[in-house]
Amino acid sequence: MRIGVLTSGGDCPGLNAVIRSVVHRAGALGDEVIGFHDGWRGLLECDWRPLDHDAVAGILAQGGTVLGSSRVQPAHLRDGVERARAHLADLGLDAVVPIGGEGTLKAAKLLSDAGLPLVGVPKTIDNDIAATDVTFGFDTAVGVATDALDRLKTTAESHQRVLIVEVMGRHTGWIALHSGMAAGAHAVLVPERPFDVAEVAERVGARFDAGKRFAIVVVAEGAKPLPGTMKYEDGERDIYGHERFSGVARQLSLELEDRLGKEARPVILGHVQRGGTPTAYDRVLATRFGREAVEAVHRGEFGRMTALRGTEIVMVPLADAVATLKTVPAARYEECETVV
Ligand code: F6P
């Protein structure tokens, strides 16, 4: 068989582990693998290179993606689907394995509905893809954020400051929830639950009243205040129409400084959460996903995606993965609130 692989959308630690695993498993089954450059762009423009054992040697622990990524989607072009179909035929491909987040999986579904043989692999540090318990990259991102929070605590305490730490998560608060719990933050704010700035100020103020010298607030970039509780500007939109939530930590730090009379500083962790080497957990999950994607190709299970259910790797319909986002359930948030 001949299998194409591509990585699309925002990068994520563990992408190279999937690529390597696809190449290793396919190689063991006598298949040939090619890698498209820069996600769907490579497929649409027929830009690719062969991938063999040597090509993936040493990449397991590398962050980013050796194939490159972009946010180009087949749907952006009028003839996107037909171009993809023609290039698959020209290259003699039996299947394509796109590795990506929500946008990539939606594109995979579009092509799959048009009859193209696709097997998806989910990735995102945000952990918000439905139909899989976990996505690789999340564990690494939570580790990076937790390490940053641990470090920020010592400088916050030295200066008796409130630090408002903005982590990634434009639609969901999984990174905020997990890193906030892991680091013992004093308030955790997520997009799923609009926050009341007066309550946040009260909670932080109570800490100082009790003689504590600092406070750490973790806020997901997509968290929003309850309407009318604080002056807040909506994020600007980028060229793809995505909102840029660059303002919540800055705005919240100004509000808290005003209300509490304590120095407050915003800290935006940003893309550092997506970079660097994946944790062992993410390497294992990514490797298992890559292997299963090749097995699914051999079974002819197209239009589906690898997923983790409990400890098992299973295949689920792409339709299930893109139907909705996996948000933080109220019970998980309430559980967190009782321990921060
Ligand atoms: O991968 C998802 C994500 O990490 C979001 O949490 C964040 O809002 C976004 O990517 C940032 O994307 P970009 O790299 O395009 O700035």
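Leaving aside its neighbours within four places in sequence, which residues is Gly-101 in contact with? They are Gly-9, Gly-10, Lys-123, Thr-124 and Ile-129, where a contact means that two C-beta atoms, placed from the backbone, lie within 7 Å. Before we go on, please note that this is a predicted model, in which local features need pLDDT of at least 70 and side-chain atom pairs count only at pLDDT 80 or more, while totals for chains, interfaces and linings use all residues. Residues are numbered from 1 along each chain as its sequence is written.

Let's stay with Gly-101, which sits in the loop between S4 and helix H4 (102–113); helices (H or I, at least four residues) and strands (E, at least two) are DSSP runs, numbered from the N terminus. Gly-101 counts as buried because it has 21 C-beta neighbours inside 10 Å; the cut-offs are 20 or more other C-beta atoms within 10 Å for buried, 12 or fewer for exposed, and partly exposed in between. An unreviewed UniProt entry lists Gly-101 under "binding site", together with Gly-10, Arg-71, Val-72, Glu-102, Gly-103 and Thr-104; such annotations may be inferred rather than shown by experiment. These residues span 95 residues in sequence, yet no two of their C-alpha atoms are more than 13.3 Å apart, so they gather at one spot.

Beyond four places in sequence, its contacts are Gly-39, Trp-40, Arg-41 and Leu-44.

Now for the sheet. Seven strands form an open sheet in the order S3-S2-S1-S4-S5-S12-S13, with mixed pairing; two strands pair if DSSP finds at least two bridges between them. Strand S3 (48–51) and strand S13 (312–317) are at the edges with a single partner strand each, so one side of each has no neighbour in the sheet. From one strand to the next, the twist averages 30 degrees. Strand S12 (residues 304–309) pairs with S13 in the antiparallel sense over six bridges, and Ala-307 has Val-314 in S13 as its bridge partner.

H9 lies across S1, S4, S5, S12 and S13, at about 170 degrees to S5; axes are lines fitted to C-alpha atoms, for helices over the stretch in contact, with angles from 0 to 180 degrees between N-to-C directions. Its buried residues include Leu-285, Phe-289 and Val-297. Gly-300 follows H9, with a positive phi near 75 degrees.
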